Amino acid sequence: NQHFFALLHRMRYINRWGLMRNTQTENIQEHSLEVAILAHALAEIRARYFAEGRLPVDPARVALLAVFHDASEILTGDLPTPVKYYNPAIQEAYQGVEAIAAEQLLNLVPDDLKPAYRNLLMPDRSDPQTNEAMRLVKAADRLSAYIKCIDEEKAGNREFRQAGDSIRKTLEAIDLPEVRYFIDHELPSYYQSLDELQEARLR
């Protein structure tokens, strides 16, 4: 029996933000799709506006890497951020756990398909292009978390206010012009209601 794809299906059962009161839960399957959309957008923005003198990245590959970026959490669960980053020792230990979980998942992939999935589950950060693609995935992951905070505040939930302030600071510190472009040109729309978005579309 091959269990890999059945386990991927269970991403929908692993909720994020476990220590927070949520107005709407978010699972890692939903999160991974949003990160893929955002990472793909960042790659396209780079190709269109900020490509000169920089390593090229394939937007389709960036999106795929984003789809699988939290796959190891199928086995580990989602460790809350305050715990994961409490100190360097815990962070390093958890990275080791994630690496083992990714390897265990890869072992469940049919042998003929392993080469295709190895680079998605265990991307080689020593390769410059892969590392650059993963930088975009990480930035998209932060953007997704910040958008979650925006949604919760719009719903009247103040639980996410401090998290939003903290994540915004990490976004501002990312040295990628495509991230700054997205913050300046795309992020403001996430604060608007559906009626406001529709009114803008009809102008």
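In this predicted model, phenylalanine 5 is partly exposed, with a relative accessible area of 41%. Tyrosine 117, by contrast, counts as buried, because its relative accessibility of 18% falls under the 20% limit.

Across the whole structure, a search finds 9 aromatic pairs. One of them joins phenylalanine 5 and tyrosine 117 in an edge-to-face arrangement, with 5.8 Å from centre to centre and 75° between the planes. This pair links distant parts of the chain, since phenylalanine 5 sits in helix H1 (residues 4-9) and tyrosine 117 in helix H7, 112 residues apart. The ring of tyrosine 117 also pairs with that of phenylalanine 68: the centres are 5.9 Å apart and the planes lie at 70°, so this pair is edge-to-face. Phenylalanine 68 belongs to the loop between helix H3 (59-67) and helix H4 (73-76), so its pairing with tyrosine 117 ties together parts that are 49 residues apart in sequence. Phenylalanine 68 is buried, with a relative accessible area of 11%. Ring pairs link Phe4, Phe5, Phe68 and Tyr117 into a cluster.

Tyr117 takes part in a helix contact as well: Ala102, Leu105, Leu106 and Asn107 in H6 meet Lys114, Tyr117, Arg118 and Leu121 in H7. Sorted by class, this contact of H6 with H7 has 5 nonpolar, 1 polar and 2 charged residues. The axes of H6 (residues 88-107) and H7 (residues 114-121) come within 10 Å and cross at roughly 165°. Angles over 145 degrees count as roughly antiparallel, and the two helices are therefore roughly antiparallel to each other. The crossing of H6 and H7 is right-handed.

Key. Residues numbered from 1 in each chain as written. Predicted model: local features only at pLDDT ≥ 70, side-chain atom pairs only at ≥ 80, totals over all residues. Heavy atoms only, no water. Axes fitted to C-alpha atoms, helices over the stretch in contact; angles between N-to-C directions. Helix = DSSP H or I, 4+ residues; strand = E, 2+ residues; numbered from the N terminus. Parallel < 35°, antiparallel > 145°, perpendicular 65-115°, else oblique. Left-handed = near helix turned anticlockwise from the far one by under 90°. Contact = heavy atoms within 4.5 Å. Nonpolar A, V, L, I, M, F, W, Y, C, P; charged D, E, K, R; others polar. Phe/Tyr/Trp six-rings, centres within 6.5 Å; stacked < 30°, edge-to-face > 60°. Buried < 20%, exposed > 50% of the residue type's maximum accessible area, 1.4 Å probe, protein only.
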